[in-house]
Amino acid sequence: MKGRFMRSVLKITAMSLASMALAQSAFAMSARECRVEQRELAETVQALQAAQAELVALGEQAETAGDEYVAAQEVSSLSSDHAAEATRLEAEFDALRGEVAAKNASLAAQAAEFTSARTAFQSNCATYLSN
């Protein structure tokens, strides 16, 4: 009876270990896949940095347009030409602000997606990263 029990325990333990190994291998990435993913993440970082630089430039452009609008608004009561210029600058400023907000939201979503991909990469490729 004791021998049969021990064999059953050993079989169950062996099956559990085998299923754990299979589960881990289903999620683990090969070294090749990790290198490809690492390359893709590096390219994504470069793209995000470029998009961030574009956002900064667009923000500076919007800030300049805002300053011009404020200056034009101060003299808009002098003539109808000044008022028309202030109106034009206000529309330009509002459009640029909208572009900045949209680009910022897009960049935030891309950064969140990148962070998620990087976390998955670190988890899936931990074996290769620690060596």
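**The aromatic pair and the helices that carry it**

Tutor: The structure holds 1 aromatic pair, where rings of Phe, Tyr and Trp (its six-membered ring) are paired if their centres lie within 6.5 Å. The partners are Tyr69 and Phe93, with 6.4 Å from centre to centre and 15 degrees between the planes, and the pair is classed as stacked (planes under 30 degrees apart, with over 60 called edge-to-face and the rest tilted). Tyr69 lies in helix H2 and Phe93 in helix H3, so the pair ties together parts that are 24 residues apart in sequence; helices here are DSSP runs of H or I of at least four residues, strands are runs of E of at least two, and both are numbered from the N terminus.

A word on the basis of these values: this is a predicted model, in which local features need pLDDT of at least 70 and side-chain atom pairs count only at pLDDT 80 or more, while totals for chains, interfaces and linings use all residues. Residues are numbered from 1 along each chain as its sequence is written, and side-chain values use heavy atoms, with hydrogens and water left out.

Both Tyr69 and Phe93 are buried, a term that stands for under 20% relative accessible area, with exposed meaning over 50% and partly exposed the range in between (1.4 Å probe, protein chains only). Tyr69 counts as buried because its relative accessibility is 13%. Leaving aside residues up to four places away in sequence, Tyr69 touches Ala86, Leu89, Glu90 and Phe93, a contact being heavy atoms within 4.5 Å. One of these neighbours, Ala86, is 17 residues from Tyr69 along the chain, and the C-alpha atoms of the two are separated by 5.8 Å.

Consider next the helix that holds Tyr69. H2 has 44 residues, which at 1.5 Å a residue should span 64 Å, and its end C-alpha atoms are 64 Å apart, in agreement; the expected span is 1.5 Å times one less than the number of residues. Its buried residues include Leu41, Leu48, Leu55, Leu58, Ala62, Ala65, Gly66 and Tyr69, and also Glu37. H3 and H4 are among the elements that cover the buried residues of H2.

Ser79 caps its N-terminal end, with a side-chain oxygen 3.4 Å from the backbone nitrogen of Asp81. The buried residues of H3 are Ala86, Leu89, Phe93, Leu96, Leu107, Phe114 and Phe121, and they pack against helix H2 (31-74) and helix H4 (126-129).

Charged side chains supply a further set of links. The whole structure contains 4 salt bridges, each defined by a side-chain nitrogen of Lys or Arg within 4 Å of a carboxyl oxygen of Asp or Glu. In one of them the side chains of Glu54 and Lys103 meet at 3.2 Å, N to O. This pair links distant parts of the chain, since Glu54 belongs to helix H2 and Lys103 to helix H3, 49 residues apart. Glu54 counts as partly exposed because its relative accessibility is 44%, and Lys103 is likewise partly exposed, at 27%.

Glu85 and Arg88 form one at 2.7 Å, N to O, and the two residues are 3 apart in helix H3, about one turn of the helix. Glu85 is partly exposed with a relative accessible area of 32%, and Arg88 is partly exposed with 42%. A network of salt bridges links Glu85, Arg88 and Glu92. Asp94 and Arg97 also meet at 2.7 Å, N to O; being 3 residues apart in helix H3, they are separated by about one helical turn. Asp94 is partly exposed at 35%, as is Arg97 at 46%. An α-helix has 3.6 residues a turn, so residues three or four places apart point the same way.

Of the 131 residues, 16% count as buried, and among contacts between residues at least 6 apart in sequence, 76% join residues at least 24 apart. The accessible surface comes to about 9,600 Å², of which 58% belongs to carbon and sulfur atoms, with areas taken from the Shrake-Rupley method with a 1.4 Å probe and, for residues, only the protein chains shown counting as cover.

Technical notes:
A polar contact is a pair of N or O atoms within 3.5 Å; within protein, one must be able to donate a hydrogen and the other to accept it, and residues adjacent in sequence count only if both atoms are side-chain atoms.
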